[in-house]
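Me: Can you walk me through this one? I'd like to start with the ground rules.

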Amino acid sequence: MDNTWAVVTGGSSGLGVAFAERLAAEGADIWLAARSEDRMQEVAQRLEHNYGVATRISSVDLADAGARADFAAEVAEAGVSHLINNAGFAQLGDFAGSDPRRTTEMLELNVVALTELVHAVLPGMRRRGSGAIINVASTAAFQPTPSMTVYAASKAYVLRFSTGLWRELKGTGVRVIASCPGPTETGFWEAAGNDAVMKRRRTPEQVVDVTFEALHKDKPFVIDGAANRAMAFATRLAPIGFQTKIAQLITTH
Ligand SMILES: NC(=O)c1ccc[n+]([C@@H]2O[C@H](COP(=O)([O-])OP(=O)(O)OC[C@H]3O[C@@H](n4cnc5c(N)ncnc54)[C@H](OP(=O)(O)O)[C@@H]3O)[C@@H](O)[C@H]2O)c1
């Protein structure tokens with residue numbers, strides 16, 4: 001109960017591993033959660049070896065309500081110093097042609113699991129008057145994005161949820177931030193169905209650096225990369241027809 005764990009969902013690859021690495025380097029004990037046990041074992045062993053931290057692994061499908069509830073209960077029981085709500089995926093292609101089951105899974109993971117885990121950690125963080133929650137959103141949160149329509153809507157939720165919560169938690173000692181990466185070099189694009197799109201990518205380490213810098217400044221959200229920042233702010237000012245046209249061009253090239 002006295003342990004303070006940094007819980008990293010999607011801790012088996014990509015951004016999750018980079019977040020875990022950074023937190024371990026700062027001395028946090030790391031609790032990885034994803035479906036791929038073998039990959040998490042490798043990450044955990046490396047972190048223990050390199051940083052002398054304790055690690056814990058939960059092999060859990062966070063899109064599954066029952067498994068998620070059990071995991072959330074474990075997390076609520078433990079002392080959690082950081083929650084990195086990072087697990088998520090996208091599906092490229094038109095909504096009409098998409099698999100309804102995959103769409104539901106995406107919403108369960110990107111939206112419901114993220115929200116339930118915040119519920120799980122907040123009482124403990126509030127009691128201790130300290131803690132940090134990083135919700136991984138996306139630059140897709142800033143405009144409707146045809147060909148990734150549900151994904152972009154799910155990330156708009158993450159951004160709005162996190163920024164509202166940021167205001168509610170002011171003065172409590174608990175920080176929350178929405179991290180909004182643009183295209184980043186991970187397994188994300190292959191999992192989304194096309195690794196050939198959006199090839200100008202940043203590294204997971206860049207995203208993590210920018211996120212922690214903004215978290216320390218108590219910002220409600222941060223966009224990684226100057227070009228991504230310029231794009232996100234410019235599209236907000238453009239008419240919706242233009243916004244969606246540009247977004248569609250980008251997701252299909
Ligand atoms: N890469 C980008 O360009 C980019 C841009 C903006 C935002 N993001 C966001 O960044 C976050 C991390 O993605 P990434 O880029 O690191 O991609 P990634 O390498 O594909 O990692 C996704 C992670 O989510 C986990 N995951 C997927 N489905 C899961 C499930 N049902 N239950 C539990 N864990 C699950 C995966 O682990 P298992 O497969 O082992 O379960 C994996 O660890 C996501 O929220 C994504 O939306 C990425």
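Predicted model: local features only at pLDDT ≥ 70, side-chain atom pairs only at ≥ 80, totals over all residues.

Me: Okay. Where is Thr139 found?
Reply: Thr139 is in the loop between strand S5 (131-136) and helix H5 (149-168). Helices (H or I, at least four residues) and strands (E, at least two) are DSSP runs, numbered from the N terminus.

Me: Is Thr139 buried or exposed?
Reply: Thr139 is buried, because its relative accessible area is 16%. Buried means under 20% relative accessible area, exposed over 50%, partly exposed in between (1.4 Å probe, protein chains only).

Me: And which residues does Thr139 touch?
Reply: Not counting residues up to four places away in sequence, Thr139 touches Cys180, Pro181, Gly182, Ile223 and Asn228. Contact means heavy atoms within 4.5 Å.

Me: New topic. What lines the second largest pocket?
Reply: Ile223 shows up again there, along with others including Val210, Phe221 and Arg229. Helix H7 (204-216), strand S7 (221-223) and helix H8 (226-237) each supply at least two lining residues. The pocket's volume is about 160 Å³.

Me: What counts as a pocket or a cavity?
Reply: Both are found on a 1 Å grid over the protein atoms alone. A cavity is a set of points where a 1.4 Å probe fits but cannot get out. A pocket is an open set with protein on both sides within 12 Å along at least five of seven lines. Lining residues have an atom within 4 Å of a point.

Me: How many cavities of 30 Å³ or more are there?
Reply: The count is 1. The largest cavity has a volume of about 30 Å³. H4 gives the largest share of its lining, 4 residues. Among the lining residues are Thr9, Leu62 and Asn85.

Me: Last one. Where is Gln91?
Reply: Gln91 is in the loop between strand S4 (80-85) and helix H4 (100-128). Gln91 counts as buried because its relative accessibility is 19%. Its contacts beyond four places in sequence include Ser98, Arg102, Met148 and Ala192.

Me: How far apart are the C-alpha atoms of Gln91 and Glu190?
Reply: They are separated by 9.8 Å, though Gln91 and Glu190 are 99 residues apart along the chain.

Note on methods: Residues numbered from 1 in each chain as written. Heavy atoms only, no water. Points joined across faces, edges and corners; volume = space filled by probe spheres on them.
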